[in-house]
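Please look over the sequence and the model before reading on.

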Amino acid sequence: MGMKLSDARQERRAQMSEADEREYREAYDQTELALQLAQIVYDTRTAAGLTQTELARRMGTHQSVIARMENAGAIPSLTT
């Protein structure tokens, strides 16, 4: 059987320079934040019984913006 993904990732990270490791960590943290925000937006919207379109209308934006947030495709700005 081949190497586990976690082992391969650990091996690759051990070979990174400090700068590459920092960049990796920042990207990982941004992705984790996007996933957490996606879950919060989805949970809050569904608990309120709103569709993406209804939430978007209330926020003064488009349904596609809500969809991107819920799919962790975008981290909303503070104004959003």
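The text below describes the helices and some of their contacts.

This is a predicted model, in which local features need pLDDT of at least 70, side-chain atom pairs count only at pLDDT 80 or more, and totals for chains, interfaces and linings use all residues. Residues are numbered from 1 along each chain as its sequence is written, and side-chain values use heavy atoms, with hydrogens and water left out.

The helices named here are DSSP runs (H or I, at least four residues), numbered from the N terminus.

| Helix | Residues |
|---|---|
| α1 | 5–14 |
| α2 | 18–47 |
| α3 | 52–59 |
| α4 | 63–70 |

Helix α2 has 30 residues and should span 44 Å at 1.5 Å a residue (1.5 Å times one less than the number of residues). The end C-alpha atoms of α2 are 43 Å apart, which agrees. Ala34, Ala38, Val41 and Arg45 are the buried residues of α2 (under 20% relative accessible area, with exposed over 50% and partly exposed in between, for a 1.4 Å probe and protein chains only). Their cover includes α3 and α4. Gly49, with a positive phi near 75°, follows α2.

Helices α3 and α4 pack at an angle of about 110°, their axes 8 Å apart (lines fitted to C-alpha atoms over the stretch in contact, with angles from 0 to 180 degrees between N-to-C directions). In α3, Gln52, Thr53, Leu55, Ala56 and Met59 meet Gln63, Ile66, Ala67, Met69 and Glu70 of α4 (contact means heavy atoms within 4.5 Å).

Asp7, in α1, is partly exposed, with a relative accessible area of 38%. The C-alpha atoms of Asp7 and Gly60 are separated by 45 Å, and these residues lie 53 residues apart along the chain.

Note on methods: Helices (H or I, at least four residues) and strands (E, at least two) are DSSP runs, numbered from the N terminus.
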